[in-house]
Amino acid sequence: MRTGPVIAAALLLLLPLSAARAAEPPPLSLPARLADTGGGTQLITAEAPDPGATAGTVTWWERRGDRRWVKAGSAPARFGAGGLVAGERRRQGTSTTPAGLYDLRFGFGIEAPPPGTAYPYRRVTRDAWWCQDNASASYNRWVRPLPADCRAEEAEHLITYGKQYAYGVVIGFNYERPVRGRGAGIFLHVNGDGPTAGCVSVPKDAMARILTWLRAGARPHIAIGTASGSTAITRY
């Protein structure tokens, strides 16, 4: 039986297929598949598998000069106890994490900033609060001290969250022109004991690495969303 010519012919038939596979471009990175990345050179993606999920992955990316996005780090993430919802449809008090693309306003923390932090950072003191009172002129703002028109029961006394707010970054959700009732105090912060009240959280060491990585001149943003569906992260 002349097997040699048969094998050779079979190999020749496989060559075009192998060449085609070799010619296939590598899969696009997640930032390259987003509708928008905010125009900066730093991006954080926070992706959950579906809208009801309370866990997923946070990844931070650098855009290189050739416009390639390169992963700088990643960590397991937690989301709101109510899952994720499109930011424009979110309602305050629902413990949902708002999906969308947002800028990052400033870092903050009860602890001193991690060594090497250059991003704007506010130290939490006993008179630092985040106002969530819809009737206050300071709605969705860091205040120090608590203003007379912001009720303490409608505000977060930041220093009381020693674990979660050891380190954090303010996410610019509903920040520029706040819509009353949409939600206030959405942060990227250190993990607590379970899902969040609407924020995104990561382990403490990851939060420290993110703070030392962020650069104001890079105009960092965060894209929050799901793997698919109406809140797919690629829509933002």
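Among contacts in the protein chain between residues at least 6 apart in sequence, what percentage join residues at least 24 apart? The share is 61%, where contact means heavy atoms within 4.5 Å.

This is a predicted model, in which local features need pLDDT of at least 70 and side-chain atom pairs count only at pLDDT 80 or more, while totals for chains, interfaces and linings use all residues. Residues are numbered from 1 along each chain as its sequence is written, and side-chain values use heavy atoms, with hydrogens and water left out.

**The whole chain**

Begin with a cartoon view of the protein chain, whose secondary structure comes to 2 helices and 13 strands; helices (H or I, at least four residues) and strands (E, at least two) are DSSP runs, numbered from the N terminus. If you then colour by accessibility, buried residues make up 47% of the 236 residues, with buried meaning under 20% relative accessible area, exposed over 50%, and partly exposed in between (1.4 Å probe, protein chains only).

**The disulfide and its sheet**

Next, select Cys131 and Cys150, which a disulfide joins with an S to S distance of 2.2 Å; a disulfide is a pair of cysteine sulfur atoms within 2.5 Å, and by this rule the count comes to 1. Looking along the S-S bond, you will find a right-handed link with 115 degrees about it. Cys131 lies in strand E7 (residues 129-131) and Cys150 in the loop between strand E8 (141-143) and strand E9 (155-157), so the pair ties together parts that are 19 residues apart in sequence. Cys131 counts as buried at 0% relative accessibility, and Cys150 also counts as buried, at 3%.

Now show the strands around this link, where an open sheet of 3 strands has the order E8-E7-E9 with antiparallel pairing. E8 and E9 stand at the edges with a single partner strand each, so one side of each is left without a neighbour in the sheet. Neighbouring strands here are turned by 25 degrees against each other on average, direction ignored, for axes that are lines fitted to C-alpha atoms (for helices over the stretch in contact), with angles that run from 0 to 180 degrees between N-to-C directions. Two strands pair if DSSP finds at least two bridges between them, and E7 and E8 have 3 bridges in the antiparallel sense, with Arg141 in E8 as the bridge partner of Cys131.

**Strands E10, E11 and E12**

Move on to strand E10 (residues 168-171) and strand E11 (residues 187-190), which pair in the antiparallel sense over 3 bridges, and find Val169 standing opposite Leu188 in E11. E11 is also joined by 3 bridges to strand E12 (residues 200-202), and these two run parallel; here Leu188 stands opposite Val200.

In E12, select Ser201, which is buried with a relative accessible area of 0%. Which side chain makes a polar contact with the side chain of Ser201? That partner is Asn191, at 2.6 Å, where a polar contact is a pair of N or O atoms within 3.5 Å; within protein, one must be able to donate a hydrogen and the other to accept it, and residues adjacent in sequence count only if both atoms are side-chain atoms. Asn191 lies in the loop between E11 and E12 and counts as buried at 14% relative accessibility. Not counting residues up to four places away in sequence, Asn191 touches, among others, Arg78, Lys163 and Pro203.

**The nonpolar cores**

Then display the largest nonpolar core, which has 33 residues, including Ile44, Ile171 and Met207; such a core is a set of buried Ala, Val, Leu, Ile, Met, Phe, Trp, Tyr and Cys residues joined through side-chain atoms within 4.5 Å. Its largest share, 6 residues, comes from helix H2 (residues 204-213). Apart from this core lies another, of 14 residues, among them Phe106, Ala128, Val170 and Phe187.

**Last stop: Arg209**

Finally, select Arg209 in helix H2, which is partly exposed with a relative accessible area of 39%. Leaving aside its neighbours within four places in sequence, Arg209 is in contact with Trp60 and Ser74.
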